[in-house]
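Reader: I'd like to go through this one with you. Can we start with the charged side chains and then move to the ligand?

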Amino acid sequence: MKIEISLLDSQRFDIKVAKAVEFNAADLGDIEAYCISNDIDLLIARVSTNEISVAQDLEKLGHRLMDTLVYYKFDYAKKPAPQNVTPFVIRNVSGNIDYALEVSSVAGEAFAGYFGHYHADSKLDRKVSDSIYSDWAYRSTIDSSVANAVLGAFIEDKITGFITLRINSEGYGELALNGVSPVFQKRGLYRALVLSGMEWLHQSGLDQIFVSTQINNISAQKVWTRLGFEMDHSFYTFHKWFK
Ligand SMILES: CC(C)(COP(=O)(O)OP(=O)(O)OC[C@H]1O[C@@H](n2cnc3c(N)ncnc32)[C@H](O)[C@@H]1OP(=O)(O)O)[C@@H](O)C(=O)NCCC(=O)NCCS
């Protein structure tokens, strides 16, 4: 079992937030005790969708379902990626503060009123939930410990979409945060960004590439499946308020 206080979420929402992952039914008593003894306001618990009885135990203890995350995988060892033919200019914008501001603003527009677990919790301030994505996008662009690279899609010298890339220490690649400005959606920008992100990670020596989203994010999953990504695993996210 892993449980720890989330400093970032605690700061953002001005409450004490903890996160629990990789636990089973036998850990539930320890998780409750940890939250009580550490004066936790909100616990975010993630459980595999294979563990339906653990999910039901969480429900009995007052945890509420906030979202379901699906993870897809592309494996270069099994097949090549489709050709990346795109009219858009896509560049690595990491390390540039001006671009970080542009990426952050695209994320703010793309994720306004999104349907992740923060937005699904009516007790959390929606404006703060919106700002999580723009803040994450900004930090990803300027801080290489958050993302190894951030690709921007340019239309007339302006960033209109972005994708953040992570080289995971366990030897796989991740397409982490990605979004396209609403006015530029439905033009194939996202497909081009995902393909360019896959290429960047593959050129960095990685064969396996993961990407995840909420199960009801149909547009993102349409793009991934058309590019050859396959469903790999999934998680439920629960929230429990202790006060
Ligand atoms: C998901 C997202 C990146 C797709 O960007 P995009 O540039 O429009 O993607 P594409 O143009 O490559 O199109 C992808 C498919 O999704 C559809 N689509 C895109 N935006 C849509 C919308 N707002 N509503 C319904 N369908 C949409 C497109 O029509 C296309 O499907 P089609 O070929 O059957 O018509 C964009 O909608 C977005 O930024 N969403 C908010 C953030 C997000 O969900 N990020 C991804 C998960 S972290």
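Author: K2 is partly exposed, at 49% relative accessible area (buried is under 20%, exposed over 50%, partly exposed in between, with a 1.4 Å probe and protein chains only). As background, this is a predicted model, where local features need pLDDT of at least 70, side-chain atom pairs count only at pLDDT 80 or more, and totals for chains, interfaces and linings use all residues. Residues are numbered from 1 along each chain as its sequence is written, and side-chain values use heavy atoms, with hydrogens and water left out.

Reader: Which residue forms a salt bridge with K2?

Author: E22 does, with the closest N and O atoms 3.6 Å apart. A salt bridge here is a side-chain nitrogen of Lys or Arg within 4 Å of a carboxyl oxygen of Asp or Glu. K2 sits in strand β1 (residues 2–5) and E22 in the loop between β2 (17–21) and α2 (28–37), 20 residues apart. Helices (H or I, at least four residues) and strands (E, at least two) are DSSP runs numbered from the N terminus.

Reader: E22, buried or exposed?

Author: E22 counts as exposed, at 56% relative accessibility.

Reader: How many salt bridges in the whole structure?

Author: A search finds 11. In one of them, D39 meets K243 at 3.0 Å, N to O. D39 lies in the loop between α2 and β3 (42–48) and K243 in the segment after β10 (230–241), so this pair ties together parts 204 residues apart in sequence.

Reader: Which residues are linked in a network?

Author: D9, R12, K19, D135 and R139 are linked by salt bridges. Within that group, the R12 and D135 side chains meet at 3.7 Å, N to O. R12 is in helix α1 (residues 7–13) and D135 in helix α6 (residues 126–142), so the pair ties together parts that are 123 residues apart in sequence.

Reader: On to the ligand. Which residues come nearest?

Author: N178, K186, G188, N217 and K222, of the 19 residues around the ligand; a residue counts as near if one of its heavy atoms lies within 4 Å.

Reader: What do the side chains of N217 and K222 do there?

Author: A polar side-chain atom of N217 lies 2.7 Å from a ligand oxygen, and one of K222 lies 2.8 Å from a ligand oxygen. The protein buries 75% of the 890 Å² that the ligand exposes when taken alone, by the Shrake-Rupley method with a 1.4 Å probe.

Reader: Which element gives the most to the shell?

Author: α8, with four residues.

Notes:
Polar contact = N/O pair within 3.5 Å; in protein donor to acceptor, adjacent residues only side chain to side chain.
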